[in-house]
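Let's take a walk through this fold, strand by strand and helix by helix. Have the model open and follow along.

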Amino acid sequence: MEGALPVPVNMTQDELKALVGQAALAYVVPGTVVGVGTGSTVNHFIDALATMKDRIAGAVSSSVASTERLRAHGITVLDAATVTSIPVYIDGADEIDHSGHMIKGGGAALTREKIVADLAERFVCIADESKLVEVLGSYPLPVEVIPMAAAQVARRFERQYGGQATLRAGVVTDNGNAILDVRGLRITEPLAMETEVNQWPGVVTVGIFGRHRASVCLLGTAAGVRTLTF
Ligand SMILES: O=C(CO)[C@H](O)[C@H](O)COP(=O)(O)O
């Protein structure tokens, strides 16, 4: 199912991100706690959320960066451990397919993103149209790993899926771990790969959001905001 709201043509990628960040406000349930993702698209959402900060019960954040931005706007950030359920989680994606499966983790926040997504009744993905793909895998798949397992996990990707993993230089996650970026994958069965890789020793989180896929995607396009529901 989809629909589109018209917008002026020739918008930049950042303007498309701002457009969907604003559009996501319609999915915030007044009086409740909002799950907030991480990244440049979400930054626009956080800025928009500030306009209704007095009508929400606060936010659960998926990264130190988003927490700082939320607090700078005067939005209350709650510890995820104190929250049992939230109606909606709003976050970006590096890729999303036509079933709502995503690759996430370009900003290295994938583990906390999956934790907050797990608290949510629904995941609303906000993205510019370049993120919509037929098959996941052109974007290098991020995997958060315990550093001592990085080489072993990399070898296993090569052996099992023919993927080439490299350590993301200079990056330490909010959880003190490393990120592998895996190239050369064609992820035709996201749920199966997510389940498999999650079982490898030393893998903290794989950036495939299959079980935690989006139920709605607000896609910024030259024709307006396309709403995809899955
Ligand atoms: O998964 C993420 C961070 O870990 C982001 O949602 C993803 O990288 C998209 O970022 P952006 O909105 O900047 O394009």
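Start with strand β9 (residues 141-145), which pairs with β12 in the antiparallel sense over three bridges. Here two strands count as paired if DSSP finds at least two bridges between them, and the elements themselves are DSSP runs numbered from the N terminus: helices are H or I with at least four residues, strands are E with at least two. To find your place in this pair, look for Val145, which stands opposite Val203 in β12. Before going on, a word on the source: this is a predicted model, where local features need pLDDT of at least 70, side-chain atom pairs count only at pLDDT 80 or more, and totals for chains, interfaces and linings use all residues. Residues are numbered from 1 along each chain as its sequence is written.

Now zoom out to the sheet around that pair. Four strands make up an open, antiparallel sheet, and the order is β10-β11-β9-β12. Because β10 (164-167) and β12 (203-206) stand at the edges with a single partner strand each, one side of each has no neighbour in the sheet. Neighbouring strands here are turned by 30° against each other on average, direction ignored. Helix α6 (residues 190-198) lies across β9 and β12, and runs at about 170° to β12. For these angles, axes are lines fitted to C-alpha atoms (for helices, over the stretch in contact), and values run from 0 to 180 degrees between N-to-C directions.

There's a second open sheet to visit, with three strands in the order β6-β7-β13 and antiparallel pairing. Its edge strands are β6 (95-96) and β13 (208-209), each pairing on one side only. Two bridges join β6 to β7 (residues 102-103), and Ile96 has Met102 in β7 as its bridge partner. Then there's a hairpin: β14 and β15, with two residues between them.

On to the helices. Helix α1 (residues 13-23) packs against α2 at an angle of about 45°, their axes 8 Å apart. That makes α1 oblique to α2, since angles under 35 degrees count as roughly parallel, over 145 as roughly antiparallel, 65 to 115 as roughly perpendicular and the rest as oblique. On the α1 side, Lys17, Ala18, Val20, Gly21 and Gln22 meet Ser40, Thr41, His44, Phe45 and Ala48 in α2; residues are in contact if their C-beta atoms, placed from the backbone, lie within 7 Å.

What about α2 and helix α3 (residues 64-72)? They pack at about 20°, with axes 9 Å apart, and are therefore roughly parallel to each other. Val42, Asn43 and Ile46 of α2 make this contact with Ser66, Arg69 and Leu70 of α3.

Key:
Contact = placed C-beta atoms within 7 Å.
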